[in-house]
Amino acid sequence: WPHALHMLALMYSNRLEDARFLYKRCPPHVRDSQPQLQAAFRALQFLWQRDYAGLWPLLRSGWDPHQATLVRGIASNLREHVLRLVATAYSTISLQALAGALGATLPEAQQEAAAHGWELTNAPSGGAWVRIPPKEAAGDPVAPDAATLQRLASYVLHLEAA
Amino acid sequence: MEELVTRIRTTNATELKSILESDACVQSLANSDRDTLLAAAASLDPGVQSLGCLYLLDAVGRASPDTHRNMDLLAAEVALLENGDASQLQLSMPLVARLARRMKSAALREGAGKSALCTLRKAALRLIPGTKYISPLHADIFQLCILTKNYHAALPFIEHEAYDVDPSKTGSTNLDVLLYCYYGGLVETTRRRYACALWFFECALSVPSGVVSAVTIAAAKKWMLLHVLHKASVGVLPKSAPPILSRTVKSECALYLTAGRHLTAVGPLPDLTSWLETSAPAFIQDGNWGLLQLALQASKARAVRRLTKVYTTIAFEKAAELLSLDVQEVEPLILRMVDSGELTASIDQEHGTVRFGDASPSQVDFLKQLEGVLKRCMAASRRLSAMNQAVQLEQAYMGRTAAGGGAAVGPSAPDQSNQEERAAMDVTAAAAGDEAAST
């Protein structure tokens with residue numbers, strides 16, 4: 001059974017719990033004899049602990065060709081997730097920290113910041129700061145429709161009957 | 001034995017059950033050797049003569065000590081559970097449960113836990129009359145899920161709320177309900193669905209019993225740690241727990257009560273290093289060390305959330321002092337909490353501060369949650385009304401209310417007294433009508 005491929009597929013689908021149980025189910029002789037499975041498990045550990053900076057070198061290391069596609073998919077999802085997280089969790093972040101979180105070089109991080117409309121300012125001590133504007137809360141459209149009114153009517157009827 | 005096999009082939013299931021349970025037949029099966037019984041069972045078709053196979057295999061199982069079981073018996077039991085006629089097997093569910101349990105134990109000894117899990121799942125989905133019934137098979141399935149680490153296999157039996165214990169339909173006993181609740185709680189704890197796990201363990205603590213079992217104590221320990229983890233408080237035993245449990249918990253679970261007090265203390269987090277070192281062996285022996293670590297992490301997260309009630313903006317150094325952490329640990333902790341959705345905050349790395357935001361959930365998510373809760377409440381209300389009606393129609397209940405002279409007993413007594421008043425008024429009106437007619 002292609003255990004490493006199965007685990008990577010679960011990680012790609014963001015089913016980290018199922019990936020963890022899959023590793024626990026693997027017999028010890030399978031775990032010890034498949035280095036790719038060990039590598040996938042290390043990647044899972046980084047993802048589980050949300051240590052994204054530590055995960056990037058592992059994703060860039062050599063993978064088998066039939067696993068490389070899934071690993072590229074995981075890397076792509078991870079990059080989008082980290083960008084969303086940085087936009088939510090930071091008002092200012094150093095360019096170096098942003099590059100580390102994205103697993104990118106400084107020029108690449110600079111390009112990502114510019115693409116998202118984040119301002120770049122130079123720090124007096126060297127380096128650069130990325131300023132992220134606060135996110136505006138999107139209004140949740142809760143437009144009443146026939147189905148909502150139907151449900152509301154059923155709740156009222158139930159309460160009146162009780 | 002040949003005569004018995006012939007009768008099994010020619011008699012219908014209902015008559016056959018009474019024949020197989022007669023004293024003479026039971027004695028005959030007990031006196032037969034296991035090879036004869038196994039050969040007789042092998043000569044029958046488990047899909048057609050399921051009831052006969054069941055009794056014969058049960059007799060073989062009772063005659064075979066665990067060390068002398070062989071693969072033929074295991075294969076026959078699996079074939080019966082997977083292919084047996086459901087209508088016949090449902091006539092004798094206690095025997096099915098006993099056979100399933102023996103099959104499970106034998107399969108685990110052979111290292112075939114996953115196969116046993118598949119068999120029991122198929123049997124449970126075919127033989128249990130409805131998803132609302134708790135059966136002995138549930139406990140065995142959950143146990144196999146835990147031992148083989150196939151937790152998703154339990155989903156069909158956990159997603160549907162089971163609340164009916166009917167021994168006549170499922171062969172359940174007190175112990176089966178207790179094990180269902182305990183193992184169900186373990187499965188949900190492993191899947192990190194702590195609210196469901198707490199519900200399972202509370203049900204385990206509420207199972208009526210005159211003595212306190214090891215399973216109940218184990219459930220109480222897990223319940224206490226989960227209460228600290230999920231509800232941030234030291235739990236009070238449910239009112240439905242037997243009185244003997246509340247007396248026993250204080251002595252058996254003293255360490256867990258101490259853990260609860262430490263982890264829910266208000267104020268700066270105490271240094272628990274020395275206490276954890278001395279208490280670790282006890283928690284490890286109980287299999288609760290991982291749960292304790294999770295409760296410890298949750299208490300740190302709660303301490304951060306308490307900061308949001310006092311501070312709008314706080315420096316890393318001040319936060320580290322209040323949380324008893326190193327300064328370098330503050331930013332990763334807050335980032336992890338924002339990532340998991342536990343906190344709304346904005347980190348200013350340039351000035352080394354954190355600004356806490358409003359943690360209100362989105363309106364759509366809130367409405368979805370509210371709708372889910374309302375649906376469950378309505379379903380529970382309908383079940384309660386059905387149970388109330390079933391109680392009122394019970395002979396024993398009607399007998400007691402009649403013997404009590406129509407006294408107010410039970411929740412529907414006002415309705416009953418109203419009906420009696422109306423009946424009395426009808427009689428009075430009829431009598432008045434007769435008088436009017438006569439005059």
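In chain B, helix H6 (residues 71–83) packs against helix H8 (residues 93–109) at an angle of about 135°, and their axes are 10 Å apart. That angle makes H6(B) oblique to H8(B); angles under 35 degrees count as roughly parallel, over 145 as roughly antiparallel, 65 to 115 as roughly perpendicular and the rest as oblique. Axes here are lines fitted to C-alpha atoms, for helices over the stretch in contact, with angles from 0 to 180 degrees between N-to-C directions. Helices (H or I, at least four residues) and strands (E, at least two) are DSSP runs, numbered from the N terminus. H6(B) passes H8(B) in a left-handed crossing, a label used if the near helix is turned anticlockwise from the far one by less than a right angle, with right-handed used if clockwise.

On the H6(B) side, the contact is made by B:Leu74, B:Glu77, B:Val78, B:Leu80 and B:Leu81, and on the H8(B) side by B:Val96, B:Leu99, B:Ala100, B:Met103, B:Ala106 and B:Ala107. Contact means heavy atoms within 4.5 Å. Sorted by class, this contact of H6(B) with H8(B) has 10 nonpolar residues, no polar ones and one charged. The classes put Ala, Val, Leu, Ile, Met, Phe, Trp, Tyr, Cys and Pro under nonpolar, Asp, Glu, Lys and Arg under charged, and the others, Gly among them, under polar.

A word on the ground rules. This is a predicted model, in which local features need pLDDT of at least 70 and side-chain atom pairs count only at pLDDT 80 or more, while totals for chains, interfaces and linings use all residues. Residues are numbered from 1 along each chain as its sequence is written, chains are lettered from A and ligands numbered from 1 in the order in which they are written, and side-chain values use heavy atoms, with hydrogens and water left out.

H8(B) also holds B:Leu108. With a relative accessible area of 32%, B:Leu108 is partly exposed; buried means under 20% relative accessible area, exposed over 50%, and partly exposed in between (1.4 Å probe, protein chains only). Leaving out residues up to four places away in sequence, B:Leu108 touches B:Gly113, B:Leu144 and B:Leu147. B:Ser240, 132 residues from B:Leu108 in sequence, is 35 Å from it in space, C-alpha to C-alpha.

Stepping back, chain B has 24 helices and three strands. Of its 439 residues, 41% count as buried. Among its contacts between residues at least 6 apart in sequence, 66% join residues at least 24 apart.

In soluble globular proteins, nonpolar side chains tend to be buried together. A nonpolar core is a set of buried Ala, Val, Leu, Ile, Met, Phe, Trp, Tyr and Cys residues joined through side-chain atoms within 4.5 Å. The largest such core has 100 residues, and B:Leu56 and B:Phe142 touch the most other members. Not counting residues up to four places away in sequence, B:Phe142 touches B:Ala154, B:Phe157, B:Ile158, B:Tyr180, B:Tyr183, B:Gly184 and B:Val187.

Elsewhere in chain B, B:Tyr311 sits in the loop between helix H19 (289–310) and strand E1 (313–315). At 26% relative accessibility, B:Tyr311 counts as partly exposed. Residues up to four places away in sequence aside, B:Tyr311 touches B:Lys318, B:Leu322 and B:Phe356. Its C-alpha atom is separated by 9.6 Å from that of B:Val354, 43 residues apart along the chain.

Now for chain A. The axes of H1(A) and helix H6 (residues 65–89) come within 9 Å and cross at roughly 20°, and H1(A) and H6(A) are therefore roughly parallel to each other. Their crossing is left-handed. The contact of H1(A) with H6(A) divides into nine nonpolar, four polar and no charged residues.

H5(A) and helix H7 (residues 95–102) of chain A pack at an angle of about 50°, with axes 7 Å apart, and are therefore oblique to each other. Here A:Tyr52, A:Ala53, A:Trp56 and A:Arg60 of H5(A) meet A:Gly100, A:Ala101 and A:Leu102 of H7(A).

Most residues other than glycine have a negative phi. A:Asn14, though not a glycine, has a positive phi of about 65°; A:Asn14 lies in the loop between helix H1 (3–12) and helix H2 (16–25) of chain A and, at 61% relative accessibility, counts as exposed. A:Arg50 has a positive phi too, near 60°. A:Arg50 is in the loop between helix H4 (35–48) and helix H5 (52–60) of chain A, and its 32% relative accessibility makes A:Arg50 partly exposed.
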